[in-house]
Amino acid sequence: MRPTPLPESASRPVVTPLSPSVVYASDTPDMLDAQYDGDLHGYTYSREGHPNADVVAQAIDRMEGAPHLGVLTSSGMGAVSAVLLGLLKAGDHVIGGNQLYGRSLRMMAEDLPRLGIETSMVDPGDVDAVRAAMRPETKMILVEVVSNPTLRVADVLGLSALAKEAGVLFVIDNTFTTPRAFKAFDHGADIVIHSLTKLLSGHSDVMLGYVAARDKATNDRLRVFTVTAGMTPSPFDCWLAERGLLSFDLRYDRAQATAAVLAEHLGGLKGVKRVIYPARHDHPDHARAEALLKGQYCNMVSFEIDGGRAAANAFARGAEGLNFAPTLGDVGTTISHPASSSHRALTAEKRAELGMSEGFFRVSVGLEEPTALCDVFSRAVEAAVG
Ligand SMILES: *Cc1c(COP(=O)(O)O)cnc(C)c1O
């Protein structure tokens, strides 16, 4: 005899209730039929959808201006996979940015070709190169707006025009830039992807993804595929993400403002060879960043110190109180070292080509007090190259 009905209350909770129920009971077969037909809204089995996922999807839909209810997945890679595996078929061709997130690159390089889907990786800052890579079979272009960890800015407007002209889907992974800095649908995206694991949830305690399409039929196909493939997230993760989203704007603005301060500070430190931050005039894509991001240059800063691995070790040890961890978007500042993590598979020559020496670090700026944070970096750089 389950469940015991909740005690009656004329007043409502102010926080979204957590609904871990896997199944939802309907009154009659007629009612269930109507639910499956879509004539009546009601949850049935939580892999097919549940209220905690929909609440979070709606919140991001509002931020992105998504026209239909977006789809939540159990990780950002779930969302990337849903787009690539749920929409493409053998014989199709897809073009991806050549500095996509590591696992997205891996899927493009390893998994899609195994399934008969051809891929090309091209510099998304070079529209002519992307145009040259187009084939009659090309169905999709997938890019990130700001690349990781070299913070290059894609020519989104040029790519969007090219995609429209060629009639291919233009997909933007907006994880780095977030809807606070960049509204992907307003810039011609047909599909928007997020890893909520990063800035949107923001506390490094949730793994979650989001995908939404402008076109209703495409959005429906993505939902059906994620349900079939079992990508539905847990209600608890969605509940935590909703909580994180409540403070997203504040966290983002604070982290971004501090990132600008830190970038300037690093630029003045002895032993720092270069600083990469799109707000800086010496950034190769500064003009494009200014036009696209409208003064929102994000919370990520990369820089390079003199010296090899020993200096890098000394820097990481010297960065007291900061986590040396390969993620981004946490409330605390985190530091990552591409040569030993995300780009370890590349040869030293290839890394040098991309500008990633042993002294190259990427910083995800968090919510620390800016002056104190700059002091930590001063001491760590001093310890490394002193
Ligand atoms: C982290 C990340 C992903 C993958 O997200 P997960 O939640 O870790 O699966 C995809 N794209 C970008 C740009 C990311 O930073």
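These legends walk you through several close-up views of a predicted model. Residues are numbered from 1 along each chain as its sequence is written, and side-chain values use heavy atoms, with hydrogens and water left out. Because the model is predicted, local features need pLDDT of at least 70 and side-chain atom pairs count only at pLDDT 80 or more, while totals for chains, interfaces and linings use all residues.

**View 1. An open sheet of 7 strands.** Welcome to a sheet with the strand order S1-S7-S6-S5-S4-S2-S3 and mixed pairing. Strands here are DSSP runs (E, at least two residues), helices are DSSP runs too (H or I, at least four residues), and both are numbered from the N terminus; two strands pair if DSSP finds at least two bridges between them. Strand S1 (71-73) and strand S3 (118-122) stand at the edges with a single partner strand each, so one side of each has no neighbour in the sheet. From one strand to the next, the twist averages 20 degrees. Further in, S5 (residues 169-173) and S6 (residues 191-195) pair in the parallel sense over 3 bridges, and Val171 stands opposite Ile191 in S6. Helix H3 (residues 76-87) lies across several strands, including S1 and S7, and runs at about 150 degrees to S6. Such angles run from 0 to 180 degrees between N-to-C directions, with axes fitted as lines to C-alpha atoms, for helices over the stretch in contact; contact means heavy atoms within 4.5 Å.

View 2. How many of the 5 residues of S2 are buried? The count is 5 of the 5, so S2 is largely enclosed by the rest of the structure. (Buried means under 20% relative accessible area, exposed over 50%, and partly exposed in between, with a 1.4 Å probe and protein chains only.) His93, Ile95 and Gly97 point one way from S2, while Val94 and Gly96 point the other way. S2 and S3 run parallel and are joined by 5 bridges, with Glu118 in S3 as the bridge partner of His93. Also in S3 is Ser120, which is buried at 13% relative accessible area.

**View 3. An open sheet of 5 strands.** Here the order is S8-S9-S12-S11-S10, again with mixed pairing. S8 (272-276) and S10 (323-324) are the edge strands, each pairing on one side only. S11 (residues 334-336) and S12 (residues 360-364) pair in the antiparallel sense over 3 bridges, and Ser336 stands opposite Arg362 in S12. Two helices lie across strands of this sheet: H12 (residues 309-318) runs at about 135 degrees to S9, and H14 (residues 370-385) at about 25 degrees to S9.

**View 4. Salt bridges.** A salt bridge is a side-chain nitrogen of Lys or Arg within 4 Å of a carboxyl oxygen of Asp or Glu, and the whole structure has 16. Asp111 and Arg114 form one, with the closest N and O atoms 2.8 Å apart; both lie in helix H4 (residues 102-114), about one turn apart. Arg131 and Glu165 form another, at 3.1 Å. Arg131 lies in helix H5 (residues 127-133) and Glu165 in helix H6 (residues 156-166), so this pair ties together parts 34 residues apart in sequence.
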